[in-house]
Amino acid sequence: MSDFFRGRRLRRSATIRRMVRETRVSVDALIYPMFVLPGSGGKEPIGSLPGQYRWTVDVLVEECRRLADLGIPAVLLFGIPEEKDARGSEASAAGGAVQRACAALKRALPELCVITDVCLCEYTSHGHCGIVSPDGEVCNDLTLHRLAEVAVSHAQAGADIIAPSDMMDGRVGAIRDALDAADFLNTPIMSYAAKYASAFYGPFREAAGSAPQFGDRRGYQLDPPNRREALRELAADADEGADILMVKPALAYLDIIADARAEFDVPIAAYHVSGEYSMLMAAAERGWLELERAVMEVLVAIKRAGADLILTYHAPDVAAWLARR
Ligand code: PBG
């Protein structure tokens with residue numbers, strides 16, 4: 001006889017509900033993205049990302065101390081350069097903001113995992129993720145060499161994981177070869193493998209000043225309607241040696257996260273991106289939804305779809321909420 005009441009009996013008590021939950025969000029899964037400024041002594045609020053800041057290195061280290069105390073295992077660093085140029089020179093400068101932040105964090109908080117975003121768009125005057133030819137095309141192969149230089153400069157500064165976000169073809173292999181040649185055989189790569197040309201990056205581009213000055217990123221990022229193509233991109237990065245595969249954004253791409261989980265045996269990360277954060281913050285500010293419940297529901301959905309790791313601007317709030325549960 002079918003037992004129609006079985007599920008309901010278990011749902012009646014909060015304690016039993018907690019015991020039989022299939023999916024949990026734990027602080028160990030969280031990676032907090034942060035923007036690093038040149039100079040010292042300050043933090044700048046980011047208008048489109050309420051509650052988020054651009055930090056100078058000294059202030060960033062203090063904030064990371066607080067995050068580590070909350071149990072957050074990892075941060076992802078984006079750099080804001082002093083000056084931009086056509087080849088994004090500052091991206092690989094030994095004295096660049098990200099390189100200085102890596103060194104300072106490894107000194108102050110050796111246990112904190114420092115992940116660095118490798119891309120050129122924050123550093124180029126044209127705002128594209130690669131080297132642009134005179135006719136306005138992004139040149140894939142010329143870009144690979146620059147990305148490898150940036151990755152090695154991050155590893156030299158102490159980065160624990162390298163995260164290329166540019167979506168050029170062959171960049172995971174090029175970065176792996178360059179890291180190995182520079183003796184960083186043990187530095188893992190977390191690749192932004194299935195990265196869609198998404199409207200949800202809007203607030204990030206304000207935060208990083210990285211909106212393209214002409215054209216868009218559709219030539220190198222995935223087209224949102226495509227699902228099989230994401231599997232091809234994931235497979236290419238896996239073959240080239242990516243240690244962790246990332247899907248981005250998260251909420252509108254839960255099917256892609258589930259596909260990635262089913263197909264590959266490496267850890268899967270999902271980036272709950274700037275626009276997803278801003279949407280929830282804006283609605284909560286207006287009193288239209290309860291922030292904590294809505295954020296936890298979204299993050300548990302990302303885990304349920306199959307992500308092991310979640311990159312999210314909500315990480316400090318989530319860590320505090322989890323600590324008092
Ligand atoms: C750089 C990069 C972007 C994001 C992460 N790395 C922007 C883009 O591709 O335009 C977006 C992150 C976010 O929206 O939170 N290539």
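## Notebook: contacts, rings and charges

I started at Ser210, which touches Cys121, Glu122, Gly127, Phe204, Arg205 and Arg217 once residues up to four places away in sequence are left out; contact here means heavy atoms within 4.5 Å. Ground rules: this is a predicted model, so local features need pLDDT of at least 70 and side-chain atom pairs count only at pLDDT 80 or more, while totals for chains, interfaces and linings use all residues. Residues are numbered from 1 along each chain as its sequence is written, and side-chain values use heavy atoms, with hydrogens and water left out.

**Ser210, continued.** Ser210 is in the loop between helix 7 and helix 8 (228-239). I take helices (H or I, at least four residues) and strands (E, at least two) as DSSP runs, numbered from the N terminus. Is Ser210 buried or exposed? Ser210 is buried, with a relative accessible area of 1%. My cut-offs are under 20% relative accessible area for buried, over 50% for exposed and partly exposed in between, with a 1.4 Å probe and protein chains only.

**His154.** Next I looked up His154, which is in helix 5. At 1% relative accessibility, His154 counts as buried. I listed what His154 touches, again without residues up to four places away in sequence: Ala91, Val98, Gln99, Cys102, Thr116, Asp117, Val118, Ala159 and Ile162.

**Aromatic pairs.** How many aromatic pairs does the structure hold? I get 9. The rule: rings of Phe, Tyr and Trp (its six-membered ring) pair if their centres lie within 6.5 Å, and planes under 30 degrees apart count as stacked, over 60 as edge-to-face and the rest as tilted. One of the pairs is Phe78 with Phe204, edge-to-face, at 4.9 Å centre to centre and 70 degrees between the planes. That pair links distant parts of the chain, with Phe78 in strand 4 (residues 74-79) and Phe204 in helix 7 (residues 202-208), 126 residues apart. Phe78 is buried at a relative accessible area of 2%, and Phe204 counts as buried at 14%. Phe204 was also on my contact list for Ser210.

I then checked Tyr271 and Tyr313, a tilted pair with 6.2 Å centre to centre and 40 degrees between the planes. Tyr271 lies in strand 11 (residues 268-272) and Tyr313 in the loop between strand 12 (309-312) and helix 12 (315-323), so this pair ties together parts that are 42 residues apart in sequence. Tyr271 comes out buried at 1% relative accessibility, and Tyr313 is buried at 2%. Both pairs turn up in one cluster, where ring pairs link Phe35, Phe78, Tyr192, Phe204, Tyr271, Tyr277 and Tyr313.

**Charges over rings.** I count a charge as over a ring if NZ of Lys or CZ of Arg is within 6 Å of the ring centre and within 35 degrees of the ring normal. Lys43 lies over the face of Tyr53, 4.2 Å from the ring centre. Arg286 has its charged end over the ring of Trp288, at 5.6 Å from the centre.

**Salt bridges.** Side chains of opposite charge can pair when their charged atoms come close. I find 16 salt bridges in the structure, each being a side-chain nitrogen of Lys or Arg within 4 Å of a carboxyl oxygen of Asp or Glu. Glu149 and Arg87 meet in one of them, at 4.0 Å, N to O. Glu149 lies in helix 5 (residues 140-157) and Arg87 in the loop between strand 4 and helix 4 (97-108), so the pair ties together parts that are 62 residues apart in sequence. Glu149 is partly exposed at 31% relative accessibility, and Arg87 is partly exposed at 41%.

What about Arg171 and Asp166: buried or exposed? Both Arg171 and Asp166 are buried, and their closest N and O atoms are 3.4 Å apart in a salt bridge. Arg218 bridges to Asp216 with the closest N and O atoms 3.1 Å apart. Here Arg218 is exposed, with a relative accessible area of 62%, whereas Asp216 counts as partly exposed at 39%.
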